[in-house]
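Have a look at the sequence and the model, then read on.

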Amino acid sequence: MFLGLAWYWWLAIAAVLIISIPFKIKFMKWWSKRQQEQTKGPCGKWGDDG
């Protein structure tokens, strides 16, 4: 036991982390693309102000 958890809990935690890595990468790519689209967009709230 390590930190009070049995070995199979560490195996389950490791599996969850390994499975979640591709989702995190996909989310980070989507988020950066979204941020770039927001910075390229119009500055004003309504787009054609000003």
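## Aromatic pairs

Rings of Phe, Tyr and Trp (for Trp, the six-membered ring) count as a pair if their centres lie within 6.5 Å; planes under 30 degrees apart are called stacked, those over 60 edge-to-face, and the rest tilted. By this rule, the count in this predicted model comes to five aromatic pairs. Take Phe 27 and Trp 30: their ring centres are 5.8 Å apart and their planes meet at 35 degrees, so this pair is tilted.

What separates Phe 27 and Trp 30 along helix α1? They are three residues apart in the helix, which means about one helical turn lies between them. Phe 27 is partly exposed, with a relative accessible area of 43%, and Trp 30 is partly exposed too, at 47%. Trp 30 also pairs with Trp 31: the ring centres are 6.0 Å apart and the planes are at 55 degrees, so this pair is tilted as well. Trp 31 has 36% relative accessibility and therefore counts as partly exposed.

## The helix

The secondary structure of the protein amounts to one helix and zero strands. How does the span of α1 compare with what its 34 residues should give? At 1.5 Å a residue, they should span 50 Å, and the end C-alpha atoms are 50 Å apart, so the two agree.

There is a bend along the way, though. At Ile 21, α1 bends by about 30 degrees, and a proline, Pro 22, follows within four residues.

## Surface and exposure

How much of the protein is buried? Of its 50 residues, buried ones make up 2%. The protein exposes about 5,100 Å², and carbon and sulfur atoms supply 70% of that area.

Part of the surface is a nonpolar patch of about 1,000 Å², made by Leu 3, Leu 5, Trp 7, Tyr 8, Trp 9, Trp 10, Leu 11, Ile 13 and Leu 17. Among these patch residues, Trp 7 is placed in helix α1, which covers residues 7-40. Is Trp 7 buried or exposed? Its relative accessibility is 64%, so Trp 7 counts as exposed.

How values were computed:
Residues are numbered from 1 along each chain as its sequence is written. This is a predicted model: local features need pLDDT of at least 70, side-chain atom pairs count only at pLDDT 80 or more; totals for chains, interfaces and linings use all residues. Side-chain values use heavy atoms; hydrogens and water are left out. Patches are made of residues with over 30% relative accessible area and no salt bridge: like charges are joined within 9 Å, nonpolar side chains (Val, Leu, Ile, Met, Phe, Trp, Tyr) within 5 Å. Accessible areas come from the Shrake-Rupley method with a 1.4 Å probe; for residues, only the protein chains shown count as cover. A salt bridge is a side-chain nitrogen of Lys or Arg within 4 Å of a carboxyl oxygen of Asp or Glu. Helices (H or I, at least four residues) and strands (E, at least two) are DSSP runs, numbered from the N terminus. Buried means under 20% relative accessible area, exposed over 50%, partly exposed in between (1.4 Å probe, protein chains only). The expected span of a helix is 1.5 Å times one less than its number of residues. The bend at a residue is the angle between axes fitted to the seven residues ending there and the seven starting there.
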